[in-house]
Amino acid sequence: MQWEPGQKIGKDFTVERLLGSGGMGEVYLVTRETPWRKLEFAAKTLSIRRKSLLNQKVFLKELQTWLDLPEYPYISECCFYRTIDDRLVIFSEYIEGGTLKEWSRSGRIQTVDQILEIIKRLNNHE
């Protein structure tokens with residue numbers, strides 16, 4: 001069961017749209033209203049049809065690895081996680097701009113030199 005735009009999840013979050021899906025699950029843009037501002041998060045959840053014990057362990061391992069990462073300029077920060085409707089949901093900062101895969105497909109990254117420049121920048125921030 002995928003979440004739909006406008007759907008409330010938990011008691012604090014509203015689904016804005018599906019950002020993407022892959023082999024393990026889906027990632028949604030969700031918001032949380034506070035008295036001062038609207039907060040945006042990327043919320044990743046394991047797909048219901050992939051909810052085997054092995055996939056749950058892999059998902060939890062990914063969460064632990066992400067939480068253990070140091071701050072890094074090119075990695076979105078894992079903010080927190082919750083269990084919502086019997087589904088583990090990982091909340092990270094939402095950063096506009098798309099994925100590297102989308103950049104490649106849209107032509108923003110066209111050459112090997114551009115890819116090497118991105119890798120070089122990543123390595124310079126270690």
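Glu-26 and Arg-87 are both buried, where buried denotes under 20% relative accessible area, exposed over 50%, and partly exposed the range in between (1.4 Å probe, protein chains only). The structure is a predicted model, in which local features need pLDDT of at least 70 and side-chain atom pairs count only at pLDDT 80 or more, while totals for chains, interfaces and linings use all residues. Residues are numbered from 1 along each chain as its sequence is written, and side-chain values use heavy atoms, with hydrogens and water left out.

Glu-26 and Arg-87 form a salt bridge, with the closest N and O atoms 3.7 Å apart. This pair connects distant parts of the chain, as Glu-26 lies in strand β3 and Arg-87 in strand β6, 61 residues apart. A salt bridge is defined as a side-chain nitrogen of Lys or Arg within 4 Å of a carboxyl oxygen of Asp or Glu, and by this rule the count is two. A salt bridge also joins the side chains of Lys-44 and Glu-62, at 2.7 Å from N to O. Lys-44 belongs to strand β4 and Glu-62 to helix α1 (residues 53-68), so this contact ties together parts 18 residues apart in sequence. Glu-62 is partly exposed, because its relative accessibility is 29%.

Helices (H or I, at least four residues) and strands (E, at least two) are DSSP runs numbered from the N terminus, and two strands pair if DSSP finds at least two bridges between them. Strand β1 (residues 8-9) pairs with strand β2 (residues 13-21) in the antiparallel sense over two bridges. Lys-8 has Thr-14 in β2 as its bridge partner. The hairpin of β1 and β2 has three residues between the strands, and Gly-10 in this hairpin takes a positive phi near 60 degrees. Antiparallel pairing also links β2 to strand β3 (residues 25-33), over six bridges. Leu-18 stands opposite Tyr-28 in β3, and β2 and β3 form a hairpin with three residues between them.

Most residues other than glycine have a negative phi. Asp-85, however, has a positive phi near 50 degrees, and Asp-86 has a positive phi near 65 degrees. Asp-85 is placed in the loop between β5 (78-84) and β6 (87-93), and Asp-86 likewise lies in the loop between β5 and β6. Asp-85 counts as exposed because its relative accessibility is 56%; Asp-86 is exposed, with a relative accessible area of 60%.
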